[in-house]
Amino acid sequence: MIGVILSAGMGTRLMPLTKEIPKTMLEINGMTLLERMIRNCIDAGINKFIVIVGYNMEKVTELCPQIAEKYDIEIKAIANEKYDITNTSVSTYLASKFIEENDLDDFVLINGDNVVDPKIISNIVASNNTGMIIDNFKELNEESFKLIIDDESFNEERTIANGKINSIGKGLDIPSSTGEFIGVSKVVSDDVAEFNRILESLIEEDPQNYYDFAFKDLSIIKTIDFVLTNGLKWTEIDDHNDWEKAQILVRELEG
């Protein structure tokens, strides 16, 4: 399995912290967000990585070999040269197309500005199908990237829902929403080609599209596991308030 970490964004809402570095190089307890996420993936059994770089890419490409040597893993950096005029659909496509063309493996896709309970990574790795981590505990708001899942069914432990995505996006009706997609997902090798075809359509429609929307069309023709957080904690880091939350969460998780 391959870990794909998106690290191309500019992080403008975190200025001046991101004036010289991308968000994934911000440090908590002396460790960058990138290294912490890679370490979580290693603990889940992943030892090959693709990091998509863009903004201040030279800083990340210099760091990757150091992390690779430290943990005895493989890291390939792929540049999104148009990071400033595209969005995550393009960054994701660069990685997933490389994986398809090289007949590689299933891959876990992670937004690089996330801090998560390591069990979240282990749970998505252990899922049998293409899957998405859905927060079914957090109180939703207008900024939450919400999903409405049709015909949802839960196993006895209520850890996995299956069904088709009726709608996905920030503007959905909150009471009707199943939960929030947290930016951690998996695409199994048998689904990569179809995933890429959908991404190509999204990019042709608008290069500023999010990759998240690809899972809606994919869920119509493929089985998607919606792996529930069931209270496991996480946070994305979009602004300074999120940055404070992330530091508190790391202290809570790591002591």
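Two rings of Phe, Tyr or Trp (for Trp, the six-membered ring) make a pair if their centres lie within 6.5 Å; planes under 30 degrees apart are stacked, over 60 edge-to-face, and the rest tilted. You're looking at a predicted model, where local features need pLDDT of at least 70 and side-chain atom pairs pLDDT 80 or more, while totals for chains, interfaces and linings use all residues. Numbering starts from 1 along each chain, and side-chain values use heavy atoms, without hydrogens or water.

**Stop 1: the rings.** Select Phe107, Phe181, Phe195, Tyr211 and Phe215: ring pairs link them into a cluster. The structure has nine aromatic pairs. Zoom in on phenylalanine 181 and tyrosine 211: their ring centres are 6.2 Å apart and their planes sit at 85°, so this pair is edge-to-face. Both residues are buried, meaning under 20% relative accessible area with a 1.4 Å probe, counting protein chains only.

**Stop 2: glycine 169.** Is glycine 169 buried or exposed? Its relative accessibility is 7%, so glycine 169 counts as buried. Now show its contacts (heavy atoms within 4.5 Å). Leaving out residues up to four places away in sequence, glycine 169 touches Ser144, Phe145, Lys146 and Phe213. Phenylalanine 213 is 44 residues away from glycine 169 in sequence, yet their C-alphas are 7.8 Å apart.

Terms used:
Buried < 20%, exposed > 50% of the residue type's maximum accessible area, 1.4 Å probe, protein only.
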